[in-house]
Amino acid sequence: MQEKIIVCDNEKCTGCRICEYVCAAVHEEKLNPRLSRIRTVRIDPVFDLAMSCRKCDNPKCLDACARNAISQDPETKLISIDKEKCDGCGYCVDQCRFGVLSIGIDDKVAIVCDTCREKNDGKPACVDYCPKEALEYVAISGIDDEKVKKFHHKVQENIDKK
Amino acid sequence: MELKGYTGKYLDIDLTNKEVKLKELPEDWAKNYIGGIGFGIKTCWDNIPKDVDALSPENVISFWTGPFAGTLVPVSSKYTAVAKSPLTGTIGFGISSGYFGAELKRAGYDGVVIRGKADKLSYIFIDDDVVQIKDATHLTGKTTWETEDILKQELEDKSIRVASIGSAGEKLVRYACITNAKNRHIGRNGLGCVMGSKNFKALAVRGTNEVVVDDLKTLLKEVKQLYKDCRGEKMYYGREGTPIKILKHDKKAVLATNNFQKMTFDGAENVSGEKMMEEKVRKIIACEMCAVACDHVNVIKKGKYKGTVGSIDFESLWALGPLCGVDCLDAVTKAVQLCDTLGTDTISTGVTVAWAMECYEKGIFTKQDTDGLELNFGNADAMIELIERIGNREGEFAKMLGEGSKLAAQKTGKDTINFAMQIKGLETSAYPFRVMQTGALGHATCITGAFYQRSGSYQYDEKDAVDRYSLDDSRGKLVADGEDDYTVVDSLIICKFSRRIYPDKEKLAYLWNLVTGEKIKYQDLLDRGKKIYTLGKCFNVRHGFTRQQDYLPKRAYEEPINDHINKEAVVKMDEWDKALDGYYEYRKWDKKTGIPKKETLKELDLDDAAEEIGV
Amino acid sequence: MKVNVTLLTPFKKIKEKREIRLELENGETFYDLIEKLSQEHGDDFKNNLFESDKKIKTSIMIMVNGRTITDEKNLFQRKLKENEEYVFCAAIGGG
């Protein structure tokens, strides 16, 4: 199985948050973008970007977890959270330099993108619904990392905190 | 609340007594007033007796969303603010989008009602179920943009949404607006001025709850196609945008120039939407839950106005461009940014400045009167300087203009009221009366003053589906049907730019069903729309408005337009009266007074309104 | 027969000019006008104008001397008049 992540073109992204809405609807069956696994930021006046799990090689989130609640599939690089073990401490959220983890506002455990396996017919819902085709589901080796390197701190700084 | 989509709760805040009350939304409101402006009009009807001065603590301003806010319906993160308007004395409201509406819903409230007056400049922070009235004296004089940034920093969360006023609202410019997300405003009727009169600087909100709808699964499936439809060929809004109407109107000779003295503009190409797209638009961004994305943001890269950022739509471009004879996009962008940051309505600002320019060119104002400004049409520098002074209320001349073109003209005298292009005090829009007469009728019957957004009746003129140079008693139906329809749109609330994705309006009723759980037809929504609009009319009647105020400025009746396309284009008074007759007859209101008849009000279950207005 | 044509959005500027002075040798009707424009400006023009054979897109508006004629009956048979000004533009509302 090829490792793929969701990437966003910040020039195409309009900041509409539809990706956040559908992600939360698909994963939690709730209308609350705060439950989304993909997070958006708008930095005035015109910078919009959506970020979700980058499937890092040495995930800082995994290292940060004191309860071994975070694991990574060696083949797909998918990050998983064991809800039973997670106590919502938030260290993983702080350590992720892309700001793509959060503590779910309802059940208070960490949530992270799972690329919609077993949901939405296996196609990431955010990519499926994005009205401007700003989101793509691509193999990691095909990513222009320069852009992400340039912008990831912006996401981390501006993501909502509660 | 039986119907889903609503939270069933709203806040009632008294700034004088510093009291915050949590109230239940009356059970019958959804099925009678839908939401949005429906709830706002009902609130004003219930709370604002006649003789209340719009600038007094007795005025009540309420913010409302509709059941669609926070759901997947495009384009639904909208909210309204409704009050007695300090500009017109009628009911006044505006609708804005951005991120604010959905956030307020997620905080747990369908609306916020605000009464009284704070003893010092204050802001309200709604943090889910914790609501605080806080000191805003440190925000005195801050622009709307600064206010939003400062509050996000103070409250330590960039996801907090803020609706605020600038210097114009604080200093009671009568057409001051409320701004959120920098580029989004509640404009027209001076709702920002009402906030200022209450020492109410900003409303900040953080909402972390879910929004509950009746059938999320089906809704999720349905909207997929709707989002695609938002990018259809007719949806220019998300591509070239409404500014492309400049050249279109110029070619049709309906581009009001130099305060409506001409209908074509030599500089049209320089302020065209096409040029703007090519040279000035840095990016097109969206509001929350919008698949259209229509926000064209100009960033000026060089020259005198380097660094200026302004979000421009057709009406603003027209009002601060051709209407004032200005043919420079950079200058228009600067003017728009000033309006947005100081917090004034761009249309009213442009039309009032254009009136002042005509007075200056006619010698009615001297350079001394204008505090040194050479207000010739086309003098962009003077226009920009004047707009800044109006927003800050600097100097007697700018202060007078901040009262609106009607009051400024009444004060100035010398028949300048004849070309103060407003109705009931609200400055009119880019659809000129003499050459688009069905549109004119819609502007005149509009309960908030001269505006087309309550009926959209200009569309018949634009398509030449009617004889746009004359009127008869059949036009009233076109206007009234448009009013009821748009009232539904403004109560649900969805964006008017999303209307084209519903060629079959029953789809909207179907979305209502999926969100609220109530199975109805679109006609049921229209019936509620008619009730809401009529109640708004009753509010105006209570506050002294009759048929007498449904007339155009004298220019429209007495100064024919003549050019290569328009021949002796003027509104004829006898035709106007017949058209008004036709409108009132269709509405089943009294022809002579324009007041709704008792039977008509009873049919709409507005018996108490009938009694109160004495019919 | 000489007529003036202005092409606005979504039709692109033709060689930096929006305004064209069109001469039709054997042309009399509006359809002849469109044919001529299609010949001179290619598929771009046709694709922007038509949604199918002989059906004009609902996203397009056509004016002659300031009057909107898009919904006129028998539009294609409309007789041209010398020096008429035709405008091809967008059907867009609001602002």
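Between which chains are the most contacts found, among the 2 pairs of chains that touch? They are found between chains A and B, where two residues are said to be in contact if their C-beta atoms, placed from the backbone, lie within 7 Å. Before I go further, please keep in mind that this is a predicted model, in which local features need pLDDT of at least 70 and side-chain atom pairs count only at pLDDT 80 or more, while totals for chains, interfaces and linings use all residues. Residues are numbered from 1 along each chain as its sequence is written, and chains are lettered from A and ligands numbered from 1 in the order in which they are written.

Let me start with the contact of chains A and B. Chain B brings 32 residues to it and chain A brings 25 residues. On the side of chain B that touches chain A, the elements that give two or more residues are helix H7 (216-229) and strand S13 (281-285) of chain B; helices here are DSSP runs of H or I with at least four residues, strands are runs of E with at least two, and both are numbered from the N terminus. Sorted by class, that side of chain B has 16 nonpolar, 5 polar and 11 charged residues, where Ala, Val, Leu, Ile, Met, Phe, Trp, Tyr, Cys and Pro count as nonpolar, Asp, Glu, Lys and Arg as charged, and the others, Gly among them, as polar.

Now to chain C. No contact joins chain A and chain C, and their closest C-alpha atoms are 19 Å apart. With chain B, by contrast, chain C does make contact, through 20 residues of chain C and 25 residues of chain B. Strand S6 (67-68) and strand S7 (85-90) of chain C each supply at least two residues of the side that touches chain B, and the largest share, 3 residues, comes from S7(C). That side of chain C divides into 7 nonpolar, 10 polar and 3 charged residues.

Chain C itself has 1 helix and 7 strands, which follow the pattern β-β-α-β-β-β-β-β along the sequence. Its C-alpha atoms fill a box of roughly 40 × 35 × 25 Å along the principal axes. The radius of gyration of chain C, taken over C-alpha atoms, is 12 Å, which agrees with the value near 12 Å for a compact globule of 95 residues, by a rule of 2.2 Å times the number of residues to the power 0.38. Of those 95 residues, 29% count as buried, a word that calls for 20 or more other C-beta atoms within 10 Å of the residue's own, whereas 12 or fewer make it exposed and anything in between partly exposed, with C-beta atoms placed from the backbone.

Turning to chain B, the domain assignment gives domain 1 (9-206), domain 2 (230-427) and domain 3 (437-612), with bounds that come from an automatic or database domain assignment. The centres of domain 1 and domain 3 of chain B, taken over C-alpha atoms, are separated by 26 Å, and 35 residues of domain 1 are in contact with 29 residues of domain 3. On the side of domain 1 of chain B that touches domain 3, H2(B) gives the most, with 7 residues, and by class this side has 14 nonpolar, 16 polar and 5 charged residues.

Elsewhere in chain B, helix H11 (residues 329-342) and helix H13 (residues 380-392) pack at an angle of about 0°, with their axes 10 Å apart. The two are therefore roughly parallel, a label for angles under 35 degrees, with over 145 called roughly antiparallel, 65 to 115 roughly perpendicular and the rest oblique; the axes are lines fitted to C-alpha atoms over the stretch in contact, and angles run from 0 to 180 degrees between N-to-C directions. The contact of H11(B) with H13(B) has 9 nonpolar, 2 polar and 2 charged residues.

Finally, some backbone details. Most residues other than glycine have a negative phi, and most peptide bonds are trans. The bond from Pro74(B) to Val75(B), however, is cis, with omega near -10°, and so is the bond from Thr9(C) to Pro10(C), with omega near 5°. Ile34(B) has a positive phi, near 60°, and is buried, with 27 other C-beta atoms within 10 Å. Lys588(B) also has a positive phi, near 65°, but is partly exposed, with 15 other C-beta atoms within 10 Å.
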